[in-house]
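The sequence and the model are shown first.

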Amino acid sequence: MKTPILLASLLLAAVGAFAAEPAASQAEALKAHFGDDLHDNQGNKVDLAKLNGKAVGIYYSAHWCPPCKAFTPVLVDFRNKYAEQFEVVFVSSDRDDAAMKKYIEEAKMPWLTVTREGEIAEALGEKYKVSGIPTLVILKADGTLLTGEGRALVSSGVDGTLLNDPTAKIESVEEEYNCGKCNKTHKRKVTKLVKGDKA
């Protein structure tokens, strides 16, 4: 009589461990990316748990950069619309902390930051080979890279609910368009996030 109860207990424990595994690996991935250098937009330390279950956009930007100032409101709207699925971590290229703070306030950035010019900011830039701004790197909810071209993805009006879909993948497709200047049809590459096949 004790054997079925023991087997049932072991099975429940194994299922519980399996269910906890993705969260543990996400926590490890987040720790590897951000260490304990995560702050809210007021500069207060934030626990990594704030990112649990969300895709994360690592946003490289600066107040002095006109293309950044044009894209940031688009990203603010996108993040606010999909806040349940997506969070942003700002990596500032501003010249000093005062300029960074001013940029955060002016742009009404609701998201998180890492220390400007800190070890984490430098390591992330090297890891994702960031060579210019604005750049938006998007990580899947499990902490793996989705795309280094997040700016194009967000600007294209992507469905942010797909960011947490484990089957979602990036596709580059060619589409035709009429530029309106020469009345000819041209082709351009478009980055899209699409639902993939289940494994």
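In this predicted model, and leaving aside neighbours within four places in sequence, R79 is in contact with F86, E87, V88, P110 and W111. The side chain of R79 is joined to that of E87 by a polar contact of 2.9 Å. R79 belongs to helix α2, and it counts as buried because its relative accessibility is 13%, below the 20% limit used for that class.

**Helix α2**

The helix that holds R79 runs over residues 66-81, and its 16 residues reach 24 Å from the first C-alpha to the last, which is close to the 22 Å expected at 1.5 Å a residue. Besides R79, the buried residues of α2 include C68, F71, T72, L75, V76 and F78. The cover over the buried residues of this helix includes the strands β1 (55-61), β2 (86-92) and β4 (135-139), together with the helices α3 (97-106) and α5 (150-155).

**Nonpolar cores**

The largest nonpolar core has 27 residues, and those that touch the most other members are Y59, L75, F86, F90, W111, L163 and L193. Two or more residues of this core are given by each of β1, α2, β2, α3, β4 and α5, and the largest share, five residues, comes from α2. L163, one of the residues touching the most other members, is in contact with A55, F78, F86, I138, L146 and L193 when neighbours within four places in sequence are left aside. A second, separate core has 19 residues, among them L38, V46, L51 and Y128.

**Two loop residues**

H39 lies in the loop between α1 (2-34) and β1, and with a relative accessible area of 12% it is buried. Not counting residues up to four places away in sequence, H39 touches N44, K45, V46, L112, T113, V114 and T115.

T161 is placed in the loop between α5 and β6 (169-178), and it counts as partly exposed because its relative accessibility is 41%, a value between the 20% and 50% limits. Apart from neighbours within four places in sequence, T161 is in contact with Y82 and Q85. The C-alpha atoms of T161 and K81 are separated by 9.7 Å, although these two residues are 80 residues apart along the chain. A polar contact of 2.6 Å also joins the side chains of T161 and D159.

| Residue | Partner | Polar contact |
|---|---|---|
| R79 | E87 | 2.9 Å |
| T161 | D159 | 2.6 Å |

**The protein as a whole**

Five helices and seven strands make up the list of elements, and read along the sequence they follow the pattern α-β-α-β-α-β-α-β-β-α-β-β. Of the 199 residues in the protein, 40% are buried. Among contacts with a separation of 6 or more, 63% are between residues 24 or more positions apart. The protein exposes about 11,900 Å², of which carbon and sulfur atoms supply 54%.

Conventions
Residues numbered from 1 in each chain as written. Predicted model: local features only at pLDDT ≥ 70, side-chain atom pairs only at ≥ 80, totals over all residues. Heavy atoms only, no water. Helix = DSSP H or I, 4+ residues; strand = E, 2+ residues; numbered from the N terminus. Expected span 1.5 Å × (residues − 1). Buried < 20%, exposed > 50% of the residue type's maximum accessible area, 1.4 Å probe, protein only. Contact = heavy atoms within 4.5 Å. Polar contact = N/O pair within 3.5 Å; in protein donor to acceptor, adjacent residues only side chain to side chain. Core = buried A, V, L, I, M, F, W, Y, C linked by side-chain atoms within 4.5 Å. Areas by Shrake-Rupley, 256 points an atom, 1.4 Å probe, with all protein chains shown as cover.
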